[in-house]
Amino acid sequence: MTEGILLVISGPSGVGKGTLCKALREGFSELCYSISATTRAPRPGEQNGVEYLFLSPEEFEAKIERDEFLEWAFVYENYYGTPRVPVEEALKKGKDIVLEIDMQGALQIKERFPEAVFVYLLSPSLEEQRRRIERRGTENPENMNSRLEAVKEELKHLNWYDYVIVNDEIADGVDKLKSIITAEKCRVTRNREWLAHLVQLSGGDGIDRTEL
Ligand code: 5GP
């Protein structure tokens, strides 16, 4: 069995991570998605347990105390965190799971799961980035500026991500994400279990077992 991939997608607010993941979900129905917890207020149309688990700060802090998050961060004045159990269970079953989280959270995941795959999504330009947040119409000017400042800061620290995608056309972005997943699934290191079995069946001649 191929080992499950932990795919971490980060990128500026409004870059279209949600839209891209939704489109990806249509093409890759077997992918699991982690539902984050947050203390921010739901936006119109967002439902508890669908886009996020909406918690009070006290509820969130109690979960931190109980070590219920794989990672958590304070982003734009709110807590955001990845519930631990669903991710660990998906990976145990060999399923692929997507986390859509900010860079602080991604770094925490990198420390725990160095084999995870890290993708950063970018808008074609900062002006386009501003337009995308404006179009969404959910942020006040102060919040909007802090989100744009955060983009500039994040750009300086991109070098440890594995892939970057400029999210111009959704279809193109989805194609690139699919290609990344497909390539990652073909990595020898993710196919160790059945390759080791193959070596056993073949008597092991010519293949160094220790490297599998
Ligand atoms: P938004 O409020 O626009 O939904 O999300 C704001 C930011 O929080 C985005 O950059 C998003 O990727 C990030 N985010 C969402 N869920 C999580 C999470 O569970 N952990 C972390 N660290 N960041 C998250």
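**Helix packing and its surroundings**

Modeller: In this predicted model, helix 5, which spans residues 126-136, packs with helix 6 at an angle of about 145 degrees, and the two axes are 11 Å apart. The crossing of helix 5 past helix 6 is right-handed. On the side of helix 5, the contact is formed by L126, Q129, R130, I133, E134 and R136. Helix 6 contributes M144, N145, R147, L148, V151 and K152.

One further residue of helix 5 deserves mention, namely E128. E128 has a relative accessible area of 14% and is therefore buried. Leaving aside residues up to four places away in sequence, E128 touches S123 and R135.

A pair of aromatic rings is described by the distance of the centres and the angle of the planes. The structure has 10 aromatic pairs. One of them joins F118 and W160: the ring centres are 5.3 Å apart and the planes stand at 65 degrees, so this pair is edge-to-face. F118 belongs to strand 8 (residues 117-122), whereas W160 is in the loop between helix 6 (141-155) and strand 9 (163-166), so the pair ties together parts 42 residues apart in sequence. Both F118 and W160 are buried.

Another pair consists of Y120 and Y161, whose ring centres are 5.3 Å apart with planes at 75 degrees, so it too is edge-to-face. Y120 lies in strand 8 and Y161 in the loop between helix 6 and strand 9, so parts 41 residues apart in sequence are tied together by this pair. Y120 is buried, as is Y161.

Elsewhere, ring pairs link F60, F69, W72, F74 and Y79 into a cluster. A ring also takes part in a contact of another kind at Y33: the charged end of R25 sits over the ring of Y33, at 4.1 Å from its centre.

The backbone also calls for comment. Most residues other than glycine have a negative phi, and most peptide bonds are trans. Y76, which is not a glycine, has a positive phi near 45 degrees. Y76 is placed in the loop between strand 5 (69-75) and strand 6 (78-83). With a relative accessibility of 22%, Y76 counts as partly exposed. E77 is likewise not a glycine and has a positive phi, of about 70 degrees. E77 lies in the loop between strand 5 and strand 6. The relative accessible area of E77 is 62%, so E77 is exposed.

The cysteines remain to be described. The structure holds 0 disulfides. For C32, the closest cysteine sulfur is that of C21, and the 13 Å between the two sulfurs is too far for a bond. C186 is also in no disulfide, and its nearest cysteine sulfur, that of C32, is 19 Å away. As to accessibility, C32 counts as partly exposed because its relative value is 22%, whereas C186, at 58%, counts as exposed.

To return to the part requested, helix 5 and helix 6 meet in a right-handed crossing, at an angle of about 145 degrees. The loop between helix 6 and strand 9 holds W160, and Y161 is in the loop between helix 6 and strand 9 as well.

Terms used
Residues are numbered from 1 along each chain as its sequence is written. This is a predicted model: local features need pLDDT of at least 70, side-chain atom pairs count only at pLDDT 80 or more; totals for chains, interfaces and linings use all residues. Side-chain values use heavy atoms; hydrogens and water are left out. A disulfide is a pair of cysteine sulfur atoms within 2.5 Å. Buried means under 20% relative accessible area, exposed over 50%, partly exposed in between (1.4 Å probe, protein chains only). Helices (H or I, at least four residues) and strands (E, at least two) are DSSP runs, numbered from the N terminus. Rings of Phe, Tyr and Trp (its six-membered ring) pair if their centres lie within 6.5 Å; planes under 30 degrees apart count as stacked, over 60 as edge-to-face and the rest as tilted. A charge sits over a ring if NZ of Lys or CZ of Arg is within 6 Å of the ring centre and within 35 degrees of the ring normal. Axes are lines fitted to C-alpha atoms, for helices over the stretch in contact, and angles run from 0 to 180 degrees between N-to-C directions. A crossing is left-handed if the near helix is turned anticlockwise from the far one by less than a right angle, and right-handed if clockwise. Contact means heavy atoms within 4.5 Å.
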